[in-house]
Amino acid sequence: MSLKLGDVTLIPPGAEAAMFAPLSLTVAPGETVCIMGPSGVGKSSLIAHIGGHLARGFRCFGSVTLNGVDLLALPAEKRGVGVLFQDAQLFAHLSVGDNLAFGLRAGLRGRVPRQRAVAQALEQAGLAGFEARDQATLSGGQRMRVALMRALLAEPRAMLIDEAFARLDSGLRAEIRGFVLEHIGARKIPALMVSHDEQDALAADRVLQLRP
Ligand SMILES: Nc1ncnc2c1ncn2[C@@H]1O[C@H](COP(=O)(O)OP(=O)(O)OP(=O)(O)O)[C@@H](O)[C@H]1O
């Protein structure tokens, strides 16, 4: 699976000019490209455009394809793109196990396959036995690991990471970044990672600097 951007540019609502020059990029299977650039240049908007959650009113140009499929023609839930935000955005009313199960594809929704998939994901996240825990009782790093596992259980064909490690302290940050990139790389998923952090950039395969 390759994620391909062709001459992508965006104009925010009410603005006259595009935020960044037309951007063409191919992210190979298992490759992580770090997107950097000054505040307001459009990094989060670019991620939202690809993920299908960009606010209304933007004018969008260029193409976004995933293994040749036109993503822009599909609603967000059909794009097969996983997203990790700064906040893990776990569902407050669901247990850790139910948060994970939310991502499961239809074929795994029977009780036994579901329990097995959730238990395996928790094991991989170093959180074995956490099924019934209230998500509010988790640490920041644990929450991010659950968020990644929930995204991966949906079997995404591409991952978008928007400042997902920014709120973690530096030691934990390196650990969680390593965890996330290792799992994405092992599954050969192409990933775009927005960050202001040099250590994130060093951990990526390539860095793309957006300029206004
Ligand atoms: N819903 C919206 N309506 C109007 N303008 C918007 C909207 N969302 C974003 N913008 C504008 O688009 C521009 C890019 O915002 P965006 O959040 O993508 O930047 P960024 O590069 O991710 O910045 P940061 O590093 O500060 O997070 C900004 O000028 C912002 O004001």
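Q: Before we start, what are helices and strands here?
A: They are DSSP runs, numbered from the N terminus. A helix is H or I over at least four residues. A strand is E over at least two.

Q: Okay. Where does Lys188 lie, then?
A: Lys188 is in the loop between helix 5 and strand 8. Keep in mind that this is a predicted model.

Q: Is Lys188 buried or exposed?
A: Lys188 is exposed, because 12 other C-beta atoms lie within 10 Å, and 12 or fewer counts as exposed.

Q: And what is the phi of Lys188?
A: Phi of Lys188 is near 60°, a positive value, and Lys188 is not a glycine. Most residues other than glycine have a negative phi.

Q: What about Asn67, what phi does that one have?
A: Asn67 also isn't a glycine, and its phi is positive, about 50°. Asn67 sits in the loop between strand 4 and strand 5 (69-70). Asn67 counts as partly exposed because it has 13 C-beta neighbours inside 10 Å.

Q: What is the phi of Gly52?
A: Gly52 takes a positive phi of about 90°.

Q: Back up a bit. What is the mean pLDDT of the chain?
A: The mean is 93. Also, 98% of the residues reach 70 or more. For the complex, the predictor gives an ipTM of 0.95 and a pTM of 0.93.

Q: Where is confidence lowest, and where is it highest?
A: Confidence is lowest in helix 3 (residues 111-124), with a mean of 90. It is highest in strand 8 (residues 191-194), at 98.

Q: You mentioned Ala191. What does Ala191 touch?
A: Leaving out residues up to four places away in sequence, Ala191 touches Val27, Thr32, Ala158, Met159, Ile161 and Ile184.

Q: Which residues touch the most other members of the largest nonpolar core?
A: Ile161 and Ala191 do, in a core of 51 residues. Helix 4 (residues 140-153) supplies the largest share of this core, eight residues. In soluble globular proteins, nonpolar side chains tend to be buried together.

Q: What angle do helix 4 and helix 5 pack at?
A: The angle is about 10°, and the axes are 10 Å apart. That makes helix 4 roughly parallel to helix 5, because angles under 35 degrees count as roughly parallel.

Q: Which residues in helix 4 meet helix 5?
A: From helix 4, they are Gly141, Met144, Arg145, Leu148 and Leu152. On the helix 5 side, they meet Leu172, Glu175, Ile176, Phe179, Val180 and His183.

Q: Which residues of helix 1 are buried?
A: Lys43, Leu46, Ile47, His49, Ile50 and Gly51 are buried. Helix 1 covers residues 43-51. Its buried residues pack against several strands, including strand 1 (3-11), strand 3 and strand 4 (59-66). Strand 6, strand 7 and strand 8 are among them too.

Q: Last one. Where does Pro212 lie?
A: Pro212 is in the segment after strand 9 (206-209). Pro212 is exposed, because it has 12 other C-beta atoms within 10 Å.

Q: What is Pro212 in contact with?
A: Setting aside neighbours within four places in sequence, Pro212 is in contact with Met19, Phe20, Pro38 and Val41.

Q: And how far apart are Pro212 and Leu74?
A: Their C-alpha atoms are separated by 28 Å. Along the chain, Pro212 and Leu74 are 138 residues apart.

Technical notes: Residues are numbered from 1 along each chain as its sequence is written. This is a predicted model: local features need pLDDT of at least 70, side-chain atom pairs count only at pLDDT 80 or more; totals for chains, interfaces and linings use all residues. pLDDT is the predictor's confidence in each residue, from 0 to 100. A nonpolar core is a set of buried Ala, Val, Leu, Ile, Met, Phe, Trp, Tyr and Cys residues joined through C-beta atoms within 7 Å. A residue is buried if 20 or more other C-beta atoms lie within 10 Å of its own, exposed if 12 or fewer, and partly exposed in between; C-beta atoms are placed from the backbone. Two residues are in contact if their C-beta atoms, placed from the backbone, lie within 7 Å. Axes are lines fitted to C-alpha atoms, for helices over the stretch in contact, and angles run from 0 to 180 degrees between N-to-C directions. Angles under 35 degrees count as roughly parallel, over 145 as roughly antiparallel, 65 to 115 as roughly perpendicular and the rest as oblique.
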